[in-house]
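Please open the structure in a viewer and keep the selection panel at hand.

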Number of protein chains: 2
Amino acid sequence: MSRFLFSCAYDGAPWLGWQSQVGGNTVQDCIESCFARILHEPLRIHAAGRTDAGVHALAQYFHADVPESSRMDAAAWQAALNAYLPASIRIMSVQLAPPDFHARFSATGKEYEYRIFCGSVLPPHLAGRAWHCRRKLHLPTLRRVLKLYVGEHDFRHFAVRRGNEPNPIPLNFFFRIIFSATLTCRGEMLTLRFCGSGFLYRMVRMLVGAAVQAAAGTISPSDIDVALRQSHGASPCFCAPPDGLYLLRVLYEPID
Amino acid sequence: MSRFLFSCAYDGAPWLGWQSQVGGNTVQDCIESCFARILHEPLRIHAAGRTDAGVHALAQYFHADVPESSRMDAAAWQAALNAYLPASIRIMSVQLAPPDFHARFSATGKEYEYRIFCGSVLPPHLAGRAWHCRRKLHLPTLRRVLKLYVGEHDFRHFAVRRGNEPNPIPLNFFFRIIFSATLTCRGEMLTLRFCGSGFLYRMVRMLVGAAVQAAAGTISPSDIDVALRQSHGASPCFCAPPDGLYLLRVLYEPID
């Protein structure tokens, strides 16, 4: 067996998310079916993490153990998979990885981008690719909230429970570190970037949703501050739509 | 009757071009069906020009005469049409126009953009939105060819015949003026812009195709120079795919 690490980009709009499911039509199902066509046997792939339906990736990572008998190197895998994959999924890079490397457990962090279009009419080329937010947003407040997110916090109020959490839930279960959270504006497009040690389920969309609510004046930044400091109490819960979310990259230690 | 001038943007990928046709599924058919739903009667719209299947528009223009009985102003028309149109077509602006204004005959020029992606793997978000050209292109040659295009020329060798040309064809029938033809590079994306008095059928795609052939070394710039100067002889005919073509804007004299 040889373990390879693949990075792939996808347009999330036509797919029901990353994770394989009954009925298929997920990115994982599609990629695994291409491996099966090439190898003439099923192969399981292991991603750095899931993305929800409609969420995009510029560099999602996954690893797979391929049989030596395939006699294919990294370049051959990239070419073969891209020949079978639809245009909405592309393998962007392939490299050989050590046998103990794991796309999920070896990751040291992730970076996401969230795109918000603030103009009155959403240009057709942004449909499904940005959140069309018609509310007037106060950008200094948006920046102030992003600063609150940076650091290590209990993000329990900024996540959706999957229902598969351990019982009892460990004390540090919802703790994550946000290394940076920035805003850039270009015309009517706002781009929020989050780099962190890891993210809870729907966390980026919840962080964006709360920040936008504060920038629109629906809640105050101090509501968010309180939610970050208290494990009890209410959540400023509002989940931004998947359309604007992009997994930009997964951070790993350099692989020899 | 009130004449309104509309600008619209569309993603060309899901549509069989602008022009209405039996079987529908064109941008014009879609917009006219929205007018019919709002007015409860059919209405014909008149565009600045056609775009082919797969070709995009950031600002296509069309005019329409709407009955006074609709009692709708420009803002109401924009809101109503966008409420009925799919996300791949958006009305970007509406204004009242004089009764003798014509979206096609009042136009003084048009601007197009053509996007070429030169990287080895086309990112999924550019699928259908750029020409993926894997050939190594010599950019100084590309720029040299673009300079040849500028000015007034007989572009008969850079057009596809529709079959509905007058017989005999007038001497100046294929003459057009290119005001500017420029190239900008950003990473692996090349953007060619053409501004001109008007364009023959498939002309922009033929100009791009010939320029790329020269930049790839398949033909020489002097072949193109000759084709621009002679009404007889061969055409360096190669039509670039529709995916990369965007109608940027239509030029009009200011409307009071």
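Buried area is the accessible area (1.4 Å probe) that two parts lose on being put together, summed over both. The model is a predicted one, in which local features need pLDDT of at least 70 and side-chain atom pairs count only at pLDDT 80 or more, while totals for chains, interfaces and linings use all residues. Residues are numbered from 1 along each chain as its sequence is written, chains are lettered from A in the order in which they are written, and side-chain values use heavy atoms, without hydrogens or water.

**The interface**

Select chain A and chain B together. About 1,500 Å² is buried between chain A and chain B, and carbon and sulfur atoms give 66% of this area. Next, select V121(A), P124(A) and H125(A): these supply 44% of the area that chain A buries against chain B, more than any other three residues. The contact (heavy atoms within 4.5 Å) takes 23 residues from chain A and 23 residues from chain B.

Which kinds of polar link cross the interface of chain A and chain B? Zero salt bridges are found there, a salt bridge being a side-chain nitrogen of Lys or Arg within 4 Å of a carboxyl oxygen of Asp or Glu. Four residue pairs, both members at pLDDT 80 or more, are in polar contact; this term denotes N or O atoms within 3.5 Å, where within protein one must be able to donate a hydrogen and the other to accept it, and residues adjacent in sequence count only if both atoms are side-chain atoms.

**Cysteines**

Select C185(A) and C118(A). The sulfur of C185(A) lies 8.1 Å from that of C118(A), its closest cysteine sulfur, which is too far for a bond; a disulfide requires two cysteine sulfur atoms within 2.5 Å. C195(A) is likewise in no disulfide, with the nearest cysteine sulfur, that of C8(A), 19 Å away. C195(A) is buried at 8% relative accessibility, whereas C185(A) is partly exposed at 36% (buried is under 20% relative accessible area, exposed over 50%, partly exposed in between; 1.4 Å probe, protein chains only).

**Backbone features**

Select N167(A) and P168(A), which are joined by a cis peptide bond with omega of about 0°. In chain B, the peptide bond from N167(B) to P168(B) is cis, with omega near 0°.

Finally, select H40(B). Its phi is near 60°, a positive value in a residue other than glycine, and H40(B) counts as exposed at 72% relative accessibility.
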